Amino acid sequence: MKKFTDAINGLKIGFSHKAVLVQVFLGILAIIGGIIIKLDYYEWLAFIICIFLVITCEIFNTAIEKIGDYLNKEYDEKIKTLKDLASGAVLMASIGALVICIIVCLRRVI
């Protein structure tokens with residue numbers, strides 16, 4: 001039970017960060033868009049997986065940034081590289097989610 005409580009606390013902390021909230025907001029917009037275009041079962045699965053993947057990546061990115069800031073308050077090229085890698089992971093997940101969104105939406109239009 002303690003691990004579950006710690007995980008919930010981690011989510012609370014994660015959702016208090018602006019970058020995570022931006023991804024949550026974009027996920028909500030995707031859900032609204034999905035309702036409007038009446039996604040089918042498998043399209044919903046793809047959308048939900050993408051939304052959770054991007055938010056999860058952003059929470060990991062935030063954690064890595066916090067670790068870097070904790071380890072060294074001053075500029076450090078190695079820590080910058082770690083932060084850049086984590087940001088790159090968020091970007092990759094976001095691009096993948098966008099591509100899936102475009103494919104699903106184009107399928108509806110064509």
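A residue counts as buried under 20% relative accessible area, as exposed over 50%, and as partly exposed in between (1.4 Å probe, protein chains only). The exercises below apply this and other definitions to a predicted model, in which local features need pLDDT of at least 70, side-chain atom pairs count only at pLDDT 80 or more, and totals for chains, interfaces and linings use all residues. Residues are numbered from 1 along each chain as its sequence is written, and side-chain values use heavy atoms, with hydrogens and water left out.

**Exercise 1. Confidence**

Task: State the average pLDDT of the protein, and identify the helices in which confidence is lowest and highest.

Solution. Step 1: pLDDT is the predictor's confidence in each residue, from 0 to 100. The protein has an average pLDDT of 94, and 100% of the residues score at least 70. Step 2: helices (H or I, at least four residues) are DSSP runs, numbered from the N terminus. Confidence is lowest in helix 1 (residues 2-14), with a mean of 93, and highest in helix 3 (residues 41-71), with 96.

**Exercise 2. The aromatic pair**

Task: Classify the arrangement of the rings of Tyr 41 and Tyr 42, and decide whether Tyr 42 is buried or exposed.

Solution. Step 1: rings of Phe, Tyr and Trp (its six-membered ring) pair if their centres lie within 6.5 Å; planes under 30 degrees apart count as stacked, over 60 as edge-to-face and the rest as tilted. Step 2: one aromatic pair is found in a search of the whole structure. The ring centres of Tyr 41 and Tyr 42 are 5.0 Å apart and the planes stand at 85°, so this pair is edge-to-face. Step 3: Tyr 42 is exposed because its relative accessibility is 63%. Tyr 41, with a relative accessible area of 57%, is exposed.

**Exercise 3. Two packed helices**

Task: Describe how helix 2 and helix 3 pack, and give the classes of the residues in their contact.

Solution. Step 1: two packed helices are described by the angle between their axes and the distance between the axes. Axes are lines fitted to C-alpha atoms, for helices over the stretch in contact, and angles run from 0 to 180 degrees between N-to-C directions. Step 2: helix 2 (residues 18-36) packs with helix 3 at an angle of about 175°, and the axes are 9 Å apart. Helix 2 is therefore roughly antiparallel to helix 3; angles under 35 degrees count as roughly parallel, over 145 as roughly antiparallel, 65 to 115 as roughly perpendicular and the rest as oblique. Step 3: contact means heavy atoms within 4.5 Å. The residues making it include Val 24 and Ile 31 of helix 2, and Trp 44 and Ile 51 of helix 3. Step 4: the contact has twelve nonpolar, four polar and one charged residues. Ala, Val, Leu, Ile, Met, Phe, Trp, Tyr, Cys and Pro count as nonpolar, Asp, Glu, Lys and Arg as charged, and the others, Gly among them, as polar.

**Exercise 4. Ile 31**

Task: Locate Ile 31 and name the residues that it touches.

Solution. Step 1: Ile 31 belongs to helix 2. Its relative accessibility of 30% makes Ile 31 partly exposed. Step 2: not counting residues up to four places away in sequence, Ile 31 touches Trp 44 and Ile 51. Step 3: the C-alpha atoms of Ile 31 and Phe 47 are separated by 7.7 Å, and these residues are 16 residues apart along the chain.
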